[in-house]
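The following paragraphs are intended for a reader who meets this structure for the first time. Please keep the sequence and the three-dimensional view at hand while reading.

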Amino acid sequence: MSSSYRLAVVLLSFLLVAPVHAEPDTRVMVELPAPMKAHMLQNMRGHLVVIDRLLLQLAEGRLDEAAELAEAELGMSSLDKHGASHIAPFYPEGMRQAGTRMHGAASRFSRTAQEGDAMAAYQALQQVTAACVGCHAGYRVQ
């Protein structure tokens, strides 16, 4: 075994066992009853699936379908479907506002997509994901 190979192995071993200095998680901890936590996580996973479908529909030029899907599954008219009135009281005010921003952005995306301009629709969809990113950057569940 060559000395350069041994040195590489030693250095790689050191990197693999060296402690990682991660920044502390400063997001607000949101404690939810177990059923509410499960409900919220199910909704968020569903939202990701919808966003993935929206991206595909946009890429395929199916803006009318994307508009319908967004409003039905993410828009303001979907709040009852997701049980928003039951879970929102468990959220801190900022988290509720982030959710409202996301649902409102989805409704705006829907209206934009109906107009038929794909680039404008992509830009409007980014406002939906920006609301998601903002909430996830500020809050966490246990």
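**Helix packing, cores and salt bridges**

In helix 2, the residues M44, I51, L54, L55, L58 and A59 meet A121, Y122, L125, V128, T129, C132 and H136 of helix 6. Contact here means heavy atoms within 4.5 Å. Helices (H or I, at least four residues) and strands (E, at least two) are DSSP runs, numbered from the N terminus. The model is a predicted one, in which local features need pLDDT of at least 70 and side-chain atom pairs count only at pLDDT 80 or more, while totals for chains, interfaces and linings use all residues. Residues are numbered from 1 along each chain as its sequence is written, and side-chain values use heavy atoms, with hydrogens and water left out.

The geometry of this pair can be described next. Helix 2 and helix 6 pack at an angle of about 160°, and their axes are 11 Å apart. Axes are lines fitted to C-alpha atoms, for helices over the stretch in contact, and angles run from 0 to 180 degrees between N-to-C directions. Helix 2 and helix 6 are therefore roughly antiparallel to each other, since angles over 145 degrees count as roughly antiparallel, under 35 as roughly parallel, 65 to 115 as roughly perpendicular and the rest as oblique. Helix 2 passes helix 6 in a left-handed crossing, a term that applies if the near helix is turned anticlockwise from the far one by less than a right angle, with clockwise giving a right-handed crossing.

Helix 2 also packs against helix 5. The axes of helix 2 and helix 5 come within 13 Å and cross at roughly 25°, and these two helices are therefore roughly parallel to each other. Helix 2 passes helix 5, too, in a left-handed crossing. In this pairing, M40, H47, L54 and L58 of helix 2 meet M95, M102, H103 and F109 of helix 5.

Which residues have the most contacts inside the largest nonpolar core? They are L54, L58, L74, F109 and V128, in a core of 20 residues. A nonpolar core is a set of buried Ala, Val, Leu, Ile, Met, Phe, Trp, Tyr and Cys residues joined through side-chain atoms within 4.5 Å. Buried means under 20% relative accessible area, exposed over 50%, and partly exposed in between (1.4 Å probe, protein chains only). Two or more residues of this core come from each of helix 2 (34-59), helix 3 (63-73), helix 5 (93-114) and helix 6 (118-138). Apart from this core lies another, of nine residues, among them V30, L32, I87 and A98. In soluble globular proteins, nonpolar side chains tend to be buried together.

Individual residues show how these elements are joined. Leaving aside neighbours within four places in sequence, L54 is in contact with A66, L69, A70, L74, F109 and L125. In helix 3, the buried residues are L63, A66, A67, L69 and A70, and the buried residues of this helix pack against helix 2, helix 5 and helix 6. H103 lies in helix 5 and counts as buried, because its relative accessibility is 10%. With neighbours within four places again left aside, H103 is in contact with H47, L74, G75, M76, S78, L79 and H82.

Charged side chains form a further set of links. A salt bridge is a side-chain nitrogen of Lys or Arg within 4 Å of a carboxyl oxygen of Asp or Glu, and by this rule the count comes to six. One of them joins the side chains of D25 and R140 (3.5 Å, N to O). This pair links distant parts of the chain, 115 residues apart: D25 belongs to the loop between helix 1 (3-17) and strand 1 (28-30), and R140 to strand 2 (residues 139-141). D25 is partly exposed at 38% relative accessibility, and R140 is partly exposed at 27%. D25, R27 and R140 are linked in a network of salt bridges.

R62 takes part in salt bridges with E60 (2.6 Å, N to O) and with E65 (2.7 Å, N to O). The relative accessible area is 47% for E60 and 27% for R62, and E65 has a relative accessibility of 38%.

Strand 2 also contains V141, which counts as partly exposed at 25% relative accessibility. V141 touches M29, V30, L32, K37 and M40, not counting residues up to four places away in sequence. The C-alpha atoms of V141 and M40, 101 residues apart along the chain, are separated by 9.9 Å.
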